[in-house]
Amino acid sequence: MSKLLDIKTLGQLKQTGYKSRSVKDELRANLIEQLKKREGGFEGIIGFEDTVIPDLQTAILSRHNILLLGLRGQAKTRIARLLVNLLDEYIPYIEGSELFDDPYNPISWFGHSIITEKGDDTPIGWIHRSERYTEKLATPDVTVADLIGDVDPIKAATLKLTYSDERVIHFGLIPRAHRGIFVINELPDLQARIQVSLFNILQEKDIQIRGFKLRLPLDIQFVFTANPEDYTNRGSIVTPLKDRIESQILTHYPRSVEISRKITQQEASLTDDQRIAIEADGLVKNLVEQIAFEARNSEYIDKKSGVSARLTISAYENLISNAERRMIINHEKTTFVRITDFLGVIPAITGKIELVYEGELEGPGKVANILIGKAIRSLLLSFFPDPEKAKKAKAPNPYAAIINWFGDGNNVALVDDMPMQEYKKALEEVAGLKDLVKKIHPRLGESQQLLLMEFVLHGLSEFSQLNKGFLDNGFAFSDMFNSLFNLQPDDDDLDIDDDRY
């Protein structure tokens with residue numbers, strides 16, 4: 001490649017035997033090489049190995065333009081950007097050409113004229129694949145001039161040209177993406193009349209600008225992204241345009257907690273200090289992911305809108321930061337994530353869910369707490385016996401000592417800025433709690449043991465074995481039946497949180 005970059009004229013390029021090829025042929029050839037070597041090619045894309053990626057590879061082998069269709073937060077744009085890696089590292093172009101003309105197949109007036117004038121002495125430049133990617137977010141104010149181009153009266157006056165001369169055209173984003181990848185994000189947001197302007201480019205490979213009879217055989221790999229929700233809420237893809245996009249590929253959310261967790265851990269932006277000083281057990285990592293799974297099945301949340309993978313990423317970052325805040329306040333050098341730290345996750349949830357009518361009645365803060373509660377309930381069964389079955393079984397109830405302790409009028413308050421020693425003391429006061437955890441999980445460090453002890457309290461409250469009251473900065477656990485006759489905080493206090501979000 002270094003020898004190729006030394007080539008400065010068309011004549012020198014011809015002597016090397018270099019052959020140019022279209023961008024789609026380029027993508028196809030490089031993909032074939034990847035497949036032969038069994039290389040991934042789409043680094044950082046997790047969970048699509050058996051679904052989206054094979055469909056995408058098939059579309060590339062077919063040299064198709066592509067529509068990635070899926071709900072928000074499904075890595076559509078990231079996939080489009082990774083296609084750049086399938087391009088040749090460098091390709092030659094006629095130096096000075098604004099459309100990066102192929103020296104063997106010029107399409108612009110400048111390209112044709114300089115080759116006619118200089119022949120084999122035509123100067124050649126080299127463009128890296130990273131510069132051959134153009135992305136445009138579709139917004140209602142995008143015009144045909146932005147995408148295709150328009151007549152530039154200033155250029156006409158400066159060069160003293162008539163409006164019939166093609167040199168007066170100022171090319172838009174699409175012609176300037178010649179020999180590269182052009183991505184339009186959120187395609188349905190593009191006005192219908194603007195979508196119509198793309199017809200000829202996709203099918204006939206030419207462009208139409210005002211009254212010009214201009215044929216530019218553009219060489220572009222088009223990738224479009226769209227959200228199915230947009231078809232009804234904001235706009236739609238006009239049918240003839242959909243017909244011209246040869247492959248439509250459906251994306252999806254992670255199908256397991258394990259895959260979702262890998263994505264979150266890969267994408268979460270944590271500092272080195274946070275990674276060193278704050279321990280996050282697998283339990284809390286899975287709990288973050290389970291919240292998203294509960295949200296996608298919740299009757300309070302609009303399923304058409306979806307629940308983005310960004311929810312779990314932001315939630316995990318907040319979870320770590322909440323633990324870090326407590327560590328700093330208490331002048332501790334290290335800490336671990338507690339269940340109470342999930343109070344800090346609520347702002348990451350409320351801004352990323354679209355509520356249906358029933359959800360609006362509850363309020364975003366309360367819905368977030370409900371989702372956290374359901375996630376705890378779901379995961380408890382992976383670590384401990386089912387409290388409902390244990391209560392009905394003939395065998396001794398493993399939770400009996402804990403429930404009886406609260407039944408004697410005892411209660412526990414856990415707040416998110418509690419120092420380590422106070423947190424430990426509060427949990428160890430609960431009769432039977434430590435013994436239960438040690439019996440079922442005997443080989444745990446102290447932090448994991450304390451985490452599971454708190455987890456059991458939250459879990460029992462979700463199974464209506466204990467009462468969990470919501471404090472401003474934590475939780476208060478008490479006996480289920482005594483709370484009915486005392487002025488203990490109950491679920492209605494969740495409404496107070498609505499003012500915060």
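Colleague: How many residue pairs are in polar contact between domain 1 and domain 2?
Modeller: This is a predicted model, where local features need pLDDT of at least 70, side-chain atom pairs count only at pLDDT 80 or more, and totals for chains, interfaces and linings use all residues. Residues are numbered from 1 along each chain as its sequence is written, and side-chain values use heavy atoms, with hydrogens and water left out. A polar contact is a pair of N or O atoms within 3.5 Å; within protein, one must be able to donate a hydrogen and the other to accept it, and residues adjacent in sequence count only if both atoms are side-chain atoms. Between domain 1 and domain 2, with both residues at pLDDT 80 or more, the count is five.

Colleague: Which side chains meet in a salt bridge?
Modeller: The rule asks for a side-chain nitrogen of Lys or Arg within 4 Å of a carboxyl oxygen of Asp or Glu. Across the interface of domain 1 and domain 2 it finds one. At 2.6 Å, N to O, a salt bridge joins Arg 78 and Glu 267.

Colleague: Which residues in domain 1 lose the most area to domain 2?
Modeller: Buried area is the accessible area (1.4 Å probe) that two parts lose on being put together, summed over both. Domain 1 and domain 2 bury about 940 Å² between them, 49% of it on carbon and sulfur atoms. Together giving 61% of what the domain 1 side buries, the residues are Ile 46, Arg 72 and Gly 73.

Colleague: How far apart do the C-alpha centres of domain 1 and domain 2 lie?
Modeller: An automatic or database domain assignment sets the bounds. Domain 1 covers 1–250 and domain 2 covers 257–486. The distance between their C-alpha centres is 49 Å.
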